[in-house]
Amino acid sequence: MLSCWKITPYFPNKYYKNNNKSSSRRLLCRLENSQNQEIVRAKESRKKVLVVGSGWAGLGAAHHLTKEGYDVTVLEGGIESGFPSYSSDEVGIQGFWYPYRNIFSLVDELGIKPFTSWMKSAQYSEEGLEVEFPVFQDAPQLPTPLAPLTQTQFARLPMLDVLTSIPLMAAVVDFDNTDSAWQKYDPITARELLRQFGCSERLYRSVFDPLLEVRLYAPAEQLSAAATLAVLYYYVAAQQKNFDMVMCRGSVRQKIFEPWRGILKNKGCEFRRGRGVTDFFFSEETGCISEVLCGNDRIKADAVILAVGISTLQDIVRRSSALCMKEEFLNVLNLTSIDALSVKLRLNKKSILLEVGTMQINIPKPCNVCSGFDATTGWTFFDLNAIYEEFENDEVTILQADFYHANAFLPLNDEQISAKVMSYLSKCIKDLNGARVVDKEITRYPESFPHFFPGSYKYSLRGATSFPNLFMAGDWIISRHGSWSQEKSYVTGLEAANRVVDFLGEGKFAKIIPIDEDEPHIEALRNINRSLNDLRAQLPWSGYFFQ
């Protein structure tokens, strides 16, 4: 009878609810642990790439390698890193010129719109306005170099002086960005080059010297003729529209780098701040870098990209026993860098009281180049109310002046710098006489830009090094692409990423947009010039005399 009894235990509903929740939580935990383990295993199986530097070059390399599935870590600057928290790409305000096609393609890919429309610019001396530059793509298209000669408005320079620039085209045609061309022209100063080709003294002082001071950051007597010819061709002589530029509508860090870093983080790229490279461990058998020492941390890497400036790399070389074994890195210690200074001034925009009544501050052009105020310093100034979104409706005038080769400025205190800059600005813009500085922001950037001095080419690094898996990127690295400044930084970052892909054998190569081909008449002249050079090389005693 007992075997027929059915005993049904009673449990409160609360027990079932809690038990179900506990089971669900345990199941979820097991699933999450399983997924995390799969993620860890997948990450451990991916090739690891360490990128040192987070400017255009470093982010460019990280961007492509992350897309191709690599496990990418970017070391950023910081107080304890041994390299500064800024890169040369973020120093001052720099334009983005028409041939920066790779950067323009990037911002389209990122889905951001950081740039202004094409802007006109001007050039000043102590005497006032010297040159006004139009938007060349809006003007009638002419064969190079006719557009810069005929469409640029020279306020004081006679046309006879302008025409003395034409013989320089012979050197521009002869310089074809090859290794032999660099070796030929690099030992000569830019000043000597311009003198040899008949440039007038006035054209040199009013146009060439100030442009070189802000594009190559030093006076012509301290610049390589090879770098000068490369820059003149890229920005001025190659295509009429190449001299047109847009500006970033805020700081590059705020408008481009921060959203770009956010996208990279979401795709799995890791950023480590304040980690300075101390040394490298490499295999005696293969010669490859296996680990990077950052203080007390050792970071394993299948490939390494150094995307840093000259002064930062020099500090790394001095600390690294591995790099000191290589002559190519010891040669870098012969290179030099250039100091820069950025001065942002907030000025009273309310009427300035003059004897004749009142007058508003009027800045004719938002972008301006200046010369003649200091023997060796080139500088620019910008109307931020016309460029930056955040200052469009500001009640005061906000100007920024950036000085290159500014070693004589850096020791001055902020008050001395502010007074000096205002005296310079008031000579360019008469409306600034009597203007009052409401607030100022002064930033010093020691050793922030590369110095392309005569003879520097032989000390510069190429993208590949004697370590099979260590690659270089930056605006001072030797590259045959032909670009300069921010575009060159970004392009060399992509080139470094492609070298990683080639070395590790995984992923696709980044697409790099080449610069525009030579115009037909320039191409024809270069072909003739090459033929003449080949014929000259076959003549007896051709290599006997000092070139």
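A cavity is a set of grid points where a 1.4 Å probe fits but cannot get out, and its lining residues are those with an atom within 4 Å of a point. The structure shown here is a predicted model. Rolling a probe the size of a water molecule over the atoms shows where empty space is left.

Over the whole structure, the search finds six cavities of 30 Å³ or more. The largest cavity holds about 400 Å³ of space. Its lining is made of 24 residues, and those nearest the centre are Pro148, Leu149, Ser165, Phe208 and Val236. Which helices each supply at least two residues of this lining? They are H4 (146-150), H6 (168-174), H9 (201-215) and H10 (225-237).

Helices H9 and H10 each supply at least two residues here, as do strand S16 (367-370) and strand S17 (378-383). The lining of the second largest cavity consists of 17 nonpolar residues, five polar residues and one charged residue.

The next topic is how helices pack. Helix H2, residues 56-67, and helix H11, residues 252-266, have axes 10 Å apart and meet at an angle of about 25°. Angles under 35 degrees count as roughly parallel, so H2 and H11 are roughly parallel to each other. The crossing of H2 with H11 is left-handed. On the H2 side, the contact is made by Trp56, Leu59, Gly60, Ala62, His63 and Thr66, and on the H11 side by Val252, Ile256, Phe257, Trp260, Arg261 and Leu264. Sorted by class, these residues are eight nonpolar, three polar and one charged.

A second pair is formed by helix H3, residues 101-110, and helix H16, residues 485-504. Their axes lie 8 Å apart, and the angle is about 70°. Angles of 65 to 115 degrees count as roughly perpendicular, and H3 and H16 are therefore roughly perpendicular to each other. Which residues of H3 meet H16? They are Arg101, Asn102, Ile103 and Leu106, and their partners in H16 are Gln486, Glu487, Tyr490 and Val491. The contact of H3 with H16 comprises four nonpolar, two polar and two charged residues.

How values were computed. Residues are numbered from 1 along each chain as its sequence is written. This is a predicted model: local features need pLDDT of at least 70, side-chain atom pairs count only at pLDDT 80 or more; totals for chains, interfaces and linings use all residues. Side-chain values use heavy atoms; hydrogens and water are left out. On a 1 Å grid over the protein atoms alone, a cavity is a set of points where a 1.4 Å probe fits but cannot get out, and a pocket is an open set with protein on both sides within 12 Å along at least five of seven lines; lining residues have an atom within 4 Å of a point. Grid points are joined across faces, edges and corners, and a volume is the space filled by probe spheres set on the points. Helices (H or I, at least four residues) and strands (E, at least two) are DSSP runs, numbered from the N terminus. Ala, Val, Leu, Ile, Met, Phe, Trp, Tyr, Cys and Pro count as nonpolar, Asp, Glu, Lys and Arg as charged, and the others, Gly among them, as polar. Axes are lines fitted to C-alpha atoms, for helices over the stretch in contact, and angles run from 0 to 180 degrees between N-to-C directions. Angles under 35 degrees count as roughly parallel, over 145 as roughly antiparallel, 65 to 115 as roughly perpendicular and the rest as oblique. A crossing is left-handed if the near helix is turned anticlockwise from the far one by less than a right angle, and right-handed if clockwise. Contact means heavy atoms within 4.5 Å.
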